[in-house]
Amino acid sequence: MADALAAHAAKRDSLVQSLKAGAGPVALAKETSNLFRDREAGARRRLDVRGFNQVLRISDGAVEAEGMIPYEDLTAACLQHGVMPAVVPQLKTITLGGAVAGVGIESSSHRHGLVHDTMLELDVLLGDGRVVSCSAHNAHADLFFGFPNSYGTLGYALRVKAKTIPVKKYVRLEHLAFSSGERYFAELARILETGSADFVDGTVFSPQQMYITLGRFTDSAPYTSDYTYHNIYYRSIAEKREDYLTVGDYLWRWDTDWFWCSKNVMAQNSFFRKFVFGKQRLGSKTYTKIMRWNSRVGATRKLERLLRLHSESVIQDVDIPIARAAEFLDFYAKQIQLWPQWVCPIGVKESRFVLYPVKPGWYVNFGFWDVKRTREAYPPGYFNRLIEEKVHELGGIKSLYSDSYFPERQFNQRYGGAAYDALKKKYDPGGAFPRLYDKCVLKA
């Protein structure tokens with residue numbers, strides 16, 4: 001532990017010197033990204049933070065780790081101590097710092113909120129080379145509550161301390177079937193009020209076929225299923241009423257097939273799954289590389305032109321108050337129609353995070369990640385704009401990790417513009433990092 005902390009301090013000091021030695025706009029040199037929006041490369045100095053990937057300490061209901069550690073490694077270290085991060089985002093390649101700077105969620109969010117709700121402390125590297133330690137109660141509390149959803153435009157997380165929760169060896173799953181949106185969300189609300197499940201999420205295959213999945217820790221299991229190779233987890237939801245997984249396999253149940261999006265790279269085809277991918281190459285690491293390659297060379301765009309198809313990526317996560325969730329599902333079924341959808345409830349206890357303003361209460365996250373293809377041509381961003389307006393109408397909020405189309409004034413109204421301006425003036429007065437609107441909407 002002492003060695004890890006000493007090594008972290010040395011790396012931090014070296015990075016600070018590297019930053020102070022140069023001038024101009026700054027960005028990170030790193031190996032992974034879970035942002036789904038293309039950006040201009042730009043003339044930015046690249047800070048090499050790839051070495052900030054170690055666990056520093058696990059004790060007293062918390063884990064301290066460096067910002068670039070992937071959740072795969074962070075979670076493995078925690079499980080060795082009989083605990084897990086209170087919220088473990090769905091994909092192994094998501095980093096702790098990325099989940100804090102963006103918005104991270106999973107099926108424990110009904111109890112623990114979003115990833116940033118589990119933060120206890122945060123060390124942030126600022127554009128002028130200072131490193132400030134933030135907590136909810138110290139002199140930098142404004143940055144603590146302003147860092148989430150800032151996407152690296154105020155600084156970078158070098159160290160994060162976050163809550164952990166104890167685990168048991170297995171998770172028992174129960175899949176509850178529904179054929180009506182109204183009944184589905186009414187039952188979801190009832191389940192949330194009882195608080196009886198350790199994990200709650202859902203899958204919507206169509207407006208007539210939807211499931212709530214309840215997970216509960218257990219010390220024993222009559223069997224365990226394996227969804228890391230031959231079998232595909234999301235298909236099992238409609239096939240089984242009950243299932244058992246080891247806690248590790250449960251936490252990464254979505255990673256092997258990127259929820260269901262692995263179908264887009266032929267990974268669900270039995271031949272490709274066995275002979276092209278193999279067990280070791282199934283997962284978000286591989287699929288992200290394929291996605292980046294396709295973005296560069298435009299393979300699917302060329303094929304769509306050949307087939308005379310028009311397309312728009314609709315890759316979004318939106319949070320809707322539970323009382324309006326059935327309305328959003330009805331809108332989605334009429335206007336978007338990309339299935340399946342992921343559903344994940346969020347319990348919001350307080351609303352002090354100024355760049356992701358939500359009210360206390362229950363929200364439902366809808367996640368959908370696909371391409372809308374039509375014979376008819378639509379204006380750029382047509383379907384995403386429909387979603388943005390519907391989310392606002394229903395009192396919800398949209399994550400910013402993918403394409404956004406808000407006008408600047410509207411964006412500032414919805415994402416704490418005045419608070420952001422004050423934070424930017426205080427913590428990045430020299431403009432070392434892009435502004436939030438420029439990065440998330442203009443793709444600067």
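The model is predicted, with local features requiring pLDDT of at least 70 and side-chain atom pairs counted only at pLDDT 80 or more, while totals for chains, interfaces and linings use all residues. Residues are numbered from 1 along each chain as its sequence is written, and side-chain values use heavy atoms, with hydrogens and water left out.

**The sheet.** Helices (H or I, at least four residues) and strands (E, at least two) are DSSP runs numbered from the N terminus, and two strands pair if DSSP finds at least two bridges between them. An open sheet of 8 strands runs in the order β12-β9-β11-β10-β14-β15-β13-β16, with antiparallel pairing. Its edge strands, each pairing on one side only, are β12 and β16 (397-398).

| Strand | Partner strand | Bridges |
|---|---|---|
| β9 (residues 170-178) | β11 (residues 209-218) | 9 bridges |
| β9 | β12 (residues 242-246) | 5 bridges |
| β13 (residues 310-321) | β15 (residues 361-374) | 12 bridges |

Within these pairings, L176 has I212 of β11 as its bridge partner, E174 stands opposite E242 in β12, and I315 stands opposite W369 in β15. Helix α12 (residues 325-335) packs on the sheet, where it touches β10 (199-206), β11, β13, β14 (341-348) and β15, contact meaning heavy atoms within 4.5 Å. The direction of α12 makes about 5° with that of β15; axes here are lines fitted to C-alpha atoms, for helices over the stretch in contact, and angles run from 0 to 180 degrees between N-to-C directions.

**A helix pair.** The axes of helix α10 (residues 284-297) and helix α11 (residues 299-306) come within 6 Å and cross at roughly 60°. The two helices, α10 and α11, are therefore oblique to each other, given that angles under 35 degrees count as roughly parallel, over 145 as roughly antiparallel, 65 to 115 as roughly perpendicular and the rest as oblique. On the α10 side the contact is made by W293, N294, S295 and V297, and on the α11 side by A299, T300, R301 and K302.

**Nonpolar cores.** A nonpolar core is a set of buried Ala, Val, Leu, Ile, Met, Phe, Trp, Tyr and Cys residues joined through side-chain atoms within 4.5 Å, where buried means under 20% relative accessible area, exposed over 50%, and partly exposed in between (1.4 Å probe, protein chains only). The largest nonpolar core has 91 residues, of which Y71, L122 and L143 touch the most other members. Leaving aside residues up to four places away in sequence, L143 touches V124, L126, V132, C134, L154, L423 and Y427. Another core, of 32 residues, lies apart from it and includes L188, I191, I322 and F328.

H116 is placed in the loop between α4 (109-112) and β6 (119-125) and, at 2% relative accessibility, counts as buried. Beyond residues up to four places away in sequence, H116 touches V100, G102, P148 and F353.

Y420, in helix α15 (residues 417-427), also counts as buried, at 4% relative accessibility. With the same exclusion of residues up to four places away in sequence, Y420 touches T153, L154, L355, P434, R435 and L436. Of these, R435 is 15 residues from Y420 in sequence and 9.2 Å away in space, C-alpha to C-alpha.

P222, by contrast, is exposed, with a relative accessible area of 63%, and its place is in the loop between β11 and α7 (233-239). The C-alpha atoms of P222 and L126 are separated by 52 Å, the two residues being 96 residues apart along the chain.
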